[in-house]
Amino acid sequence: MRVTVVGAGVVGTMHAWHAVERGHQVVQIEREAEARGASLRNFGQIWVSGRAGGAELEAALRARELWEGIGGRVPALGFRPNGSLTPVRGPLELAVAEAAVARADAAARGYKLLTPGEARALNPALRGDFTAALYCERDAAVEPRTAQLALRAELLKSPNYTFLLGREVRDVTGAGTVRDDHGDTHHADAVVLCTGAWLGGLVRELAGPDLPVRRVRLQMMQTDPLGEPLTTSVADADSFRYYPAYASAALDELNARQPQPRTAAAHRMQLLMVQRADGGLTIGDTHEYEHPFAFDTDEEPYEHLTGVVESLLGRPLPRVRHRWAGVYAQCTDPGKVVHRQQVHEGVWLVTGPGGRGMTCAPAIAETTANELGW
């Protein structure tokens, strides 16, 4: 079978990966010199802990298994099963963590409620004060800025894989025919459009104006090396308000009696933090849903995040090296892991994983391959 994949972000690259693994001939087309969107502008977390029970958790756990297998073959991914800790303070936050540990699927996630001493034994960098910490053993991480390059380098070892960069797809017709802006036509048995947050132009023409996907903007930052290991990923209790796994009466009580600080609420914030291979910290993030998005970054969220991180580490944050904004595509139906739609004969659009893209991409692509009979 011949497969054309449009887009070289993590979702597109994982579709190419599965197709090559199954022995098909693959042409992958990317309009930039390399992927530049949400697949690079994220934490690199394989984030099982907060996923909704059911299909979303199943996809995350399957993806976690696939990531580990691929990481064994491609060490440059930087895969590491580091787990995560969410320190909590006070009885209201503690009650939410206790409700999470009581979930029927808590064991599948690797949830465990730790004392401060147990949490510091696992991650000695957490020297700040907290009441307890929710541990998720199944969380993991890769290096987001280099992961696609590492995967592509491995794919290029196959004679069945061709990568075409700097080409924008201008036309898609039936029977799997794609024409790019170089005037070249590519014929395949199946075309998969993994265009990320690029939802206008050709995508709108093919999928129609009522695509159930929205764009979300975020802000993040990265520091100089911490100077010591941060052995787990770290979240704060505001992540309870954001991720569906934590929905409970205890969360309702937290929201009612202990609302977020003004800046965090205004920017729909949570803390997520992971250490990069060079020792620096990737820290975020915010969520902006209203269009048009700002073209600049706002300093208040960074100040808030710095304060939260320093309170958990019990030390000043290293110098911030980079600040950036990114945009991802998210299904408007929170019950859907991804939007998968046949938009033409032999042509499928796969988009809208939201903040689940890095986590779930291997399982999303595997499902596409299975459903299309690759």
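I looked up Cys194 and found it buried, with a relative accessible area of 7% (buried means under 20% relative accessible area, exposed over 50%, partly exposed in between, with a 1.4 Å probe and protein chains only). I noted that this is a predicted model, where local features need pLDDT of at least 70 and side-chain atom pairs count only at pLDDT 80 or more, while totals for chains, interfaces and linings use all residues. Residues are numbered from 1 along each chain as its sequence is written, and side-chain values use heavy atoms, with hydrogens and water left out.

I then searched for disulfides (pairs of cysteine sulfur atoms within 2.5 Å) and found 0 in the structure. Cys194 is in none, and the nearest cysteine sulfur, that of Cys331, is 13 Å away. For Cys331 I found the closest cysteine sulfur in Cys360, at 11 Å, which is too far for a bond. Cys331 is also buried, at 4% relative accessibility.

I use DSSP runs for helices (H or I, at least four residues) and strands (E, at least two), numbered from the N terminus. Most residues other than glycine have a negative phi, and most peptide bonds are trans. I found a cis peptide bond between Gly284 and Asp285, with omega about 0°. Another cis bond runs from His291 to Pro292, with omega near -5°. Asp285 sits in the loop between β16 (281–284) and α11 (299–313), and Pro292 is found in the loop between β16 and α11. Arg268 has a positive phi near 50°; this residue is in the loop between α10 (262–266) and β15 (272–275).

I counted 27 salt bridges (a side-chain nitrogen of Lys or Arg within 4 Å of a carboxyl oxygen of Asp or Glu). One of them joins Arg217 and Glu288 at 3.2 Å, N to O. Arg217 lies in β13 (residues 213–223) and Glu288 in the loop between β16 and α11, so this pair ties together parts 71 residues apart in sequence. Arg217 is buried, at 6%. I also noted a network of salt bridges linking Asp224, Asp278, Arg319 and Arg321.

Strands β18 (residues 339–344) and β19 (residues 347–351) pair in the antiparallel sense over 5 bridges (pairing needs at least two bridges found by DSSP). Which residue of β19 stands opposite Gln342? I found Trp348 there. The hairpin has 2 residues between its strands, and Gly346 in the turn has a positive phi of about 75°.
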